[in-house]
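Subject: Handover of a structure for your review

Dear colleague,

Please find the structure below, handed over for your further work.

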Amino acid sequence: MGNEQTAIELTLPLRAEYVSVARLTVSGIANRIGFDIETIEDIKVAVAEVCNKIIRGSNSKEGKYKITFNILTDGLEILFDCSGSNINCLFDSDDDILGISIIEALMDELKILKNEPYILAMSKILERDR
Amino acid sequence: MSSELKIHEELGEDYARLILSGEVDIYTSQNLKEKMYNIIDNYQKDLHIGCAELNYIDSTGLGIFVGALKKAKQYNRNIYIENLKDNIRKLFVITGLDKLFIIN
C-alpha cells in the first residue's frame, strides 16, 4: 500500500436514508482516483454494507458515524469510526456473514479492528494498464 | 442518479410481475419487502421481477429476495428474475443466489 496522501472525511447520522450519500461520496472519490465503473460499483456496495451494519447495530437514530477515505498513491483505503455514538458496532455476529462475504469478494483487503476508534478498514488497489 | 425506488406492479392471469427501477438499499427496501410479500401472499402465483432498470442492490435487498422465495415456495411457486444488469448479477453469483433463483 502506498503512502497516505489525501484524506476525506464524511460524518453521517445513523439514519438509513443517508447511506446513499456515502455511496455517492465514495463513487466521486473512486472516480477521481481512476477506478473503472465496474470497480466503482463494487466499492459502493462494500461501503454500503458496512453502513448498513452500523445503522442496524445502533439502538437509536441519534449519534453519528464517520467514514474516512484515504486516497493513496495506488488506491483507496476506507476507514469506519462509530466512536461518536453510544453503540456497540463491532462486527462479531454470525448475522454479518452475508455482508462480510460480499465485502471480502469485492474489496482487496478487509480488516476488522477492535479497541480502536476505527472498527473496520477496507481497501482497493488501482490496477493500472501496463 | 436517483436513489429512489419505483415499483410497478403487473398482475396477469397466472403470474405477477414487479418491475423495479432505481435502487434497493437499506432505506428503500422496506417498501419492496411489503410489496413483494403482499403480492406473494395475496396472489399466490409465480412472481417475475423485472430488473432492467435496477441500478443498485446490496445484502438488504438480497435478503428480501430470499425471504420472498421462501414465501413463494410455501405456495409451490417460483420467482423469476429478469434482465439483471451485469454488476447486479455479479452479486447474485458472489452470494450463490444465482443457484437459488431462476434468472433470465
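**Helix packing in chain A**

In this predicted model, α1(A) passes α2(A) in a right-handed crossing. The two axes, those of α1(A) and α2(A), cross at roughly 150° and come within 9 Å. On the α1(A) side, the contact is made by Val19(A), Ala22(A), Arg23(A), Val26(A), Ser27(A), Ala30(A) and Asn31(A). On the α2(A) side, the residues are Ile40(A), Ile43(A), Lys44(A), Val47(A), Ala48(A), Cys51(A), Asn52(A) and Ile55(A). Sorted by class, this helix contact has ten nonpolar, three polar and two charged residues.

**Contact between the chains**

At the interface, 15 residues of chain A are in contact with eleven residues of chain B. Three helices of chain A, namely α1 (19-33), α2 (37-57) and α3 (97-106), each supply at least two residues of the side that touches chain B. With seven residues, α2(A) gives the most to that side. The class composition of the side of chain A that touches chain B is eight nonpolar, three polar and four charged residues.

**The nonpolar core**

In soluble globular proteins, nonpolar side chains tend to be buried together. In the present model, the largest nonpolar core has 59 residues. The residues with the most contacts inside this core are Val26(A), Ala46(A), Val47(A), Cys51(A), Ile78(A), Phe80(A) and Ala68(B). Its largest share, nine residues, comes from α2(A). Val26(A) and Val47(A), both listed here, also take part in the contact of α1(A) with α2(A). As for Ala68(B), its contacts, leaving aside neighbours within four places in sequence, are with Met36(B), Tyr37(B), Ile40(B) and Ile79(B).

**Chain B as a whole**

Chain B contains three helices and five strands, and these follow the pattern β-β-α-β-α-β-α-β along the sequence. Its C-alpha atoms fill a box of roughly 35 × 25 × 20 Å, taken along the principal axes. Does the radius of gyration of chain B agree or disagree with that of a compact globule? It agrees, because a compact globule with 104 residues would have a radius of gyration near 13 Å and chain B has 12 Å. Of the 104 residues in chain B, 36% are buried. Among the contacts in chain B with a separation of 6 or more, 70% are between residues 24 or more positions apart.

Yours sincerely,

A colleague

How values were computed:
Residues numbered from 1 in each chain as written. Chains lettered and ligands numbered in written order. Predicted model: local features only at pLDDT ≥ 70, side-chain atom pairs only at ≥ 80, totals over all residues. Contact = placed C-beta atoms within 7 Å. Helix = DSSP H or I, 4+ residues; strand = E, 2+ residues; numbered from the N terminus. Nonpolar A, V, L, I, M, F, W, Y, C, P; charged D, E, K, R; others polar. Axes fitted to C-alpha atoms, helices over the stretch in contact; angles between N-to-C directions. Left-handed = near helix turned anticlockwise from the far one by under 90°. Rg over C-alpha atoms; globule rule 2.2 N^0.38 Å. Buried ≥ 20, exposed ≤ 12 C-beta atoms within 10 Å, placed from the backbone. Core = buried A, V, L, I, M, F, W, Y, C linked by C-beta atoms within 7 Å.
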